[in-house]
Amino acid sequence: SNCPTMGNAPSIAELPPEWDDILANTTSEDILRSSRKKCRVEEDRSVYLDDDIFDLDEHVPMALAILRAHPHLKDIRFKLVPGRMTEEKYWAALFGVVHDGGIDMEDVVGKIG
């Protein structure tokens, strides 16, 4: 039941069930705190999360799954991007919130890669 789109529709990842509890309760304050504590942007505009470079392109399927499952995060994104932070930093910060919930991102990226 996918809507027709231009070109290939990007795949949508399966969200790990333990993410749902974290994401359902994530607020804009959580994302702002994570962006301050866990993220940094270099002069070349590359974004780091916990000192690892964060490439949004690698996380698109997961990002789409998150927005579909947790529409309130769309509203938060609309409020924060681009006024408070870039798209890339928003997602780095959001994944930072999930990391703090004890999820190892590498495991998940490994599974969808």
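Reader: Which side chain does S46 pair with in a polar contact, and at what distance?
Author: Keep in mind that this is a predicted model. S46 sits in the loop between β1 (39–41) and β2 (47–49). Its side chain makes a polar contact with that of D44, at 2.5 Å.

Reader: Is S46 buried or exposed?
Author: Looking past residues up to four places away in sequence, S46 touches R40, V41 and I53. The relative accessible area of S46 is 15%. The cut-off for burial is under 20%, so S46 counts as buried.

Reader: What about R45 in that loop: buried or exposed?
Author: R45 is placed in the loop between β1 and β2. Its relative accessible area comes to 63%. Anything over 50% is classed as exposed, so R45 is exposed.

Reader: What is the phi of R45?
Author: Most residues other than glycine have a negative phi. R45 is not a glycine, yet its phi is positive, at about 75°.

Reader: And where in the fold is D51, whose phi is positive too?
Author: D51 has a phi near 70°, although it is a residue other than glycine. With a relative accessible area of 61%, D51 is exposed. Its place is the loop between β2 and β3 (52–54).

Reader: Which peptide bond is cis, with omega near 0°?
Author: Most peptide bonds are trans. The bond with omega near 0° runs from V81 to P82.

Reader: Now the helices: how are α4 and α5 oriented to each other?
Author: Two packed helices are described by the angle between their axes and the distance between the axes. Here, helix α4 (residues 72–80) and helix α5 (residues 87–100) have axes that come within 10 Å and cross at roughly 135°. Since roughly antiparallel needs an angle over 145 degrees, α4 against α5 is oblique.

Reader: What is the handedness of that crossing, and how many charged residues are in the contact of α4 with α5?
Author: α4 passes α5 in a right-handed crossing. From α4, the contact takes in L73, I76, R77 and L80, while α5 brings E87, Y90, W91 and L94. By class that gives 6 nonpolar residues and no polar ones, and the charged residues number 2.

Reader: How many polar residues does the contact of α2 with α5 have?
Author: On the α2 side sit D30, I31, S34, S35 and K38, and on the α5 side K89, Y90, A93, L94, G96, V97, H99 and D100. Sorted by class, 5 are nonpolar, 4 are charged and the polar count is 4.

Reader: Zooming out, in what order do the elements run from the N terminus?
Author: The protein has 6 helices and 3 strands. Reading along from the N terminus, the order is α-α-β-β-β-α-α-α-α.

Reader: Last one: what share of the contacts with a separation of 6 or more comes from residues 24 or more positions apart?
Author: For context, the protein has 113 residues, and buried ones make up 39%. Of the contacts with a separation of 6 or more, the share from residues 24 or more positions apart is 77%.

How values were computed: Residues numbered from 1 in each chain as written. Predicted model: local features only at pLDDT ≥ 70, side-chain atom pairs only at ≥ 80, totals over all residues. Heavy atoms only, no water. Axes fitted to C-alpha atoms, helices over the stretch in contact; angles between N-to-C directions. Helix = DSSP H or I, 4+ residues; strand = E, 2+ residues; numbered from the N terminus. Parallel < 35°, antiparallel > 145°, perpendicular 65-115°, else oblique. Left-handed = near helix turned anticlockwise from the far one by under 90°. Contact = heavy atoms within 4.5 Å. Nonpolar A, V, L, I, M, F, W, Y, C, P; charged D, E, K, R; others polar. Buried < 20%, exposed > 50% of the residue type's maximum accessible area, 1.4 Å probe, protein only. Polar contact = N/O pair within 3.5 Å; in protein donor to acceptor, adjacent residues only side chain to side chain.
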